[in-house]
Amino acid sequence: QSLVVLMDAEAFVAPPEAPVFEPTDEELADPLSFIAMIRPVVEQTGICRIRPPPNWRPPFAVDVEKFQFTTRIQQLNELEARSRVKLNFLDAIARYWELQGANLKVPIVNGQNLDLHRLHKIVAEEGGYDQVTKEKKWTHISRLMGFTQTQIQSSCGYVLRGHYERIVLPYEVFIERSKNSPKGSPTKSLVGSPEKGKVGGARAGDRQE
């Protein structure tokens, strides 16, 4: 085997050095003609280097008075705002569970971290937890979350509902009750005591809707 490697190394032929061209000012006065002139040589190597004269200063070729182009609208501020809203939501729900004595652990669904903010937003857009559950739309929710048909058929909607009920719903109810509480009055947690130290993970529950 070592002999074969040695023979291959001896048979190796290094590629030729890339040619270097040093055109004059006169040749660079018509760049396309110069490129056409060196083309037969460069085609043999596939690459070359063109070194202009030290004093070569090509003129600015764009007429700034007439040059126009169409800009693309890139709504970077909206992207930043959406990211900020998502981060604020995740921070708030994590702090809520911390006050309940548990650390929020983002569930894994089909090998990926569950996007709790997106789940919260989609359920709200579909009418909220009560309406989604009443109308048996959790399978539809899983489609809107981007899960494949195979994943949906494997009780994905049931899993999403379970995570929503354990993690997101208590926080939503707490926020809603806080808004409706008289100013200055304490608002108690509306969830049962979670297992010490964590919240999230899988749990058996109702049948998939």
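Me: Which residues form a nonpolar patch on the surface?
Reply: This is a predicted model. In it, Phe60, Val62, Val64, Phe67 and Phe69 form that patch. Together they have about 580 Å² of accessible area.

Me: Where is Phe67 found?
Reply: In the loop between strand 2 (49–50) and helix 4 (76–99).

Me: And how is Phe67 classed, with what relative accessible area?
Reply: Phe67 is partly exposed, at 49%.

Me: Switching to rings. How many aromatic pairs does a search of the whole structure find?
Reply: Eight. One of them is Phe21 with Phe34. Their centres are 6.5 Å apart and their planes sit at 90 degrees, so the pair is edge-to-face.

Me: Which parts does that pair tie together?
Reply: Phe21 lies in strand 1 (residues 20–21) and Phe34 in helix 3 (residues 31–45). The pair therefore links parts that are 13 residues apart in sequence.

Me: Is Phe21 buried or exposed?
Reply: Buried, with a relative accessible area of 16%. Phe34 counts as buried too, at 6%.

Me: What about Tyr96 and Trp97?
Reply: Also an edge-to-face pair: 5.2 Å centre to centre, 75 degrees between the planes. Tyr96 is buried at 3%, and Trp97 is buried at 2%. Ring pairs link both into a cluster with Phe89, Tyr171 and Phe174.

Me: New topic. Where does His163 sit?
Reply: In helix 8 (residues 149–180). His163 is buried, with a relative accessible area of 4%.

Me: Which side chain does the side chain of His163 make a polar contact with?
Reply: That of Arg166, at 2.8 Å.

Me: Last one. What happens at the start of helix 5?
Reply: A side-chain oxygen of Asp115 comes within 3.3 Å of the backbone nitrogen of His117. Just after helix 5, Gly127 has a positive phi of about 110 degrees.

Technical notes:
Residues are numbered from 1 along each chain as its sequence is written. This is a predicted model: local features need pLDDT of at least 70, side-chain atom pairs count only at pLDDT 80 or more; totals for chains, interfaces and linings use all residues. Side-chain values use heavy atoms; hydrogens and water are left out. Helices (H or I, at least four residues) and strands (E, at least two) are DSSP runs, numbered from the N terminus. Buried means under 20% relative accessible area, exposed over 50%, partly exposed in between (1.4 Å probe, protein chains only). A polar contact is a pair of N or O atoms within 3.5 Å; within protein, one must be able to donate a hydrogen and the other to accept it, and residues adjacent in sequence count only if both atoms are side-chain atoms. Patches are made of residues with over 30% relative accessible area and no salt bridge: like charges are joined within 9 Å, nonpolar side chains (Val, Leu, Ile, Met, Phe, Trp, Tyr) within 5 Å. Accessible areas come from the Shrake-Rupley method with a 1.4 Å probe; for residues, only the protein chains shown count as cover. A salt bridge is a side-chain nitrogen of Lys or Arg within 4 Å of a carboxyl oxygen of Asp or Glu. Rings of Phe, Tyr and Trp (its six-membered ring) pair if their centres lie within 6.5 Å; planes under 30 degrees apart count as stacked, over 60 as edge-to-face and the rest as tilted.
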